[in-house]
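Here are a few friendly notes to read with the model open beside you. Take the points in order, and have a look at each place as you go.

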Amino acid sequence: MSQAGPRRPANQAAALDLESQEQENDRGIDALGDRVSMLRQLTSGIKGEVDSHHRLLDNMASDMTGSSAGLAGTFRRFKSVFEAPRERQSALVIVGCIGVLLALYFLIRRSF
């Protein structure tokens, strides 16, 4: 019976040690769960940003396609104007008139 007495406190100490380890593990698991949920929120926020940037870039690409098509048409028209000698003279007269009007505008603006 003398052996039963010392075993009991040792068993209680081991049980308390196991219980404290389980509590520590539970706290660690809770902390890990909090970190995982924080990372999940962070990655979903990043995904939302990336998706919005992709939409913005897609819209810009379609706008640039339309602009480049318009610019190509303008260059085609200029080319056709400057290929014909009569139309070239008309274009030079128009450019000259615009130049004279700009010069008059700046002269009048300086005098006032």
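1. Overall fold. The protein has two helices and zero strands; helices (H or I, at least four residues) and strands (E, at least two) are DSSP runs numbered from the N terminus. Please keep in mind that this is a predicted model, where local features need pLDDT of at least 70, side-chain atom pairs count only at pLDDT 80 or more, and totals for chains, interfaces and linings use all residues. Residues are numbered from 1 along each chain as its sequence is written, and side-chain values use heavy atoms, with hydrogens and water left out.

2. Burial and surface. Of the 112 residues, 2% count as buried. Buried here means under 20% relative accessible area, exposed means over 50%, and partly exposed lies in between (1.4 Å probe, protein chains only). The accessible surface comes to about 10400 Å², and 63% of that belongs to carbon and sulfur atoms; these areas come from the Shrake-Rupley method with a 1.4 Å probe, and for residues only the protein chains shown count as cover.

3. The salt bridge. Searching the whole structure turns up one salt bridge, defined as a side-chain nitrogen of Lys or Arg within 4 Å of a carboxyl oxygen of Asp or Glu. The partners are Asp51 and Lys47, whose closest N and O atoms are 2.9 Å apart. Both sit in helix α1, four residues apart, so about one helical turn separates them. Asp51 is partly exposed at 31% relative accessibility, whereas Lys47 is exposed at 53%.

4. A negative patch. Glu19, Glu22, Asp26, Asp30 and Asp34 form a negative surface patch. Patches are made of residues with over 30% relative accessible area and no salt bridge, joining like charges within 9 Å and nonpolar side chains (Val, Leu, Ile, Met, Phe, Trp, Tyr) within 5 Å. Lys and Arg count as positive and Asp and Glu as negative, while His and the chain ends are not counted; the place of a charge is NZ of Lys, CZ of Arg, CG of Asp or CD of Glu. Asp30 belongs to helix α1 (residues 4–83) and is exposed, with a relative accessible area of 51%.

5. A nonpolar patch. On the surface, Val100, Leu101, Leu104, Leu107, Ile108 and Phe112 form a nonpolar patch with about 700 Å² of accessible area together. Phe112 lies in the segment after α2 (85–111) and counts as exposed at 83% relative accessibility.
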